Amino acid sequence: MLPENIQDYFYLRLGELIKEARNKVDVKQEKLAEFLGLSRVSIVNIEQGKQKVQIHTLLEIINYLEIPITDFFGKLNNAINLDVDAKLE
């Protein structure tokens, strides 16, 4: 379900995908935070959509987790489109 604020929704879905990718390669939040120079709380907040992630930080995350960038943004696009379609029905 899409919330009223699409920007909040975008960051929520983005965070979910980051968490999913991080768990898939078995990287702990602490390790990712250390690599990025952030706190573990920042990673928690990013994954929950509460903290906006800067594009250069997102690219560092994608590279660190060894996710092809097209795969990551393709999944994000698909997730958002499915939710938009569901709301329109």
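**Notebook: a chain of five helices**

I began with helix α3 and found that its buried residues pack against α1 and α2 (29–36), where I take contact to be heavy atoms within 4.5 Å and buried to be under 20% relative accessible area, with exposed over 50% and partly exposed in between (1.4 Å probe, protein chains only). I note that this is a predicted model, in which local features need pLDDT of at least 70 and side-chain atom pairs count only at pLDDT 80 or more, while totals for chains, interfaces and linings use all residues. Residues are numbered from 1 along each chain as its sequence is written, and side-chain values use heavy atoms, with hydrogens and water left out.

**Helix α3**

I listed the buried residues of α3 (residues 40–47) as Ser42, Ile43, Val44, Ile46 and Glu47. Just after α3 I came to Gly49, which has a positive phi of about 75°.

**The whole chain**

I counted five helices and zero strands in the protein chain, and from the N terminus on the elements run α-α-α-α-α; helices (H or I, at least four residues) and strands (E, at least two) are DSSP runs, numbered from the N terminus. Of the 89 residues in the protein chain, 35% are buried. I also looked at contacts between residues at least 6 apart in sequence, and 65% of these join residues at least 24 apart. The accessible surface comes to about 5,900 Å², and 52% of it belongs to carbon and sulfur atoms; the areas come from the Shrake-Rupley method with a 1.4 Å probe, and for residues only the protein chains shown count as cover.

**Helix α1**

I checked the span of α1 (residues 6–24), which has 19 residues and reaches 27 Å from its first C-alpha to its last, close to the 27 Å expected at 1.5 Å a residue; the expected span is 1.5 Å times one less than the number of residues. Its buried residues are Tyr9, Tyr11, Leu14, Gly15, Leu17, Ile18, Ala21 and Arg22. An α-helix has 3.6 residues a turn, so residues three or four places apart point the same way. After α1 comes Asp26, whose phi is positive, near 55°.

**Aromatic pairs**

My search of the whole structure gave three aromatic pairs, where rings of Phe, Tyr and Trp (its six-membered ring) pair if their centres lie within 6.5 Å, and planes under 30 degrees apart count as stacked, over 60 as edge-to-face and the rest as tilted. One of them joins Phe10 and Tyr11 edge-to-face, at 5.2 Å centre to centre with 85° between the planes. Phe10 is partly exposed at 29% relative accessible area, whereas Tyr11 counts as buried because its relative accessibility is 16%. Phe72 and Phe73 form another edge-to-face pair, at 5.5 Å centre to centre and 90° between the planes. Here Phe72 is buried at 3%, while Phe73, at 30%, counts as partly exposed.

Last, I looked up Thr57, which is found in helix α4 and counts as buried because its relative accessibility is 13%. Leaving aside neighbours within four places in sequence, Thr57 is in contact with Leu36 and Leu38.
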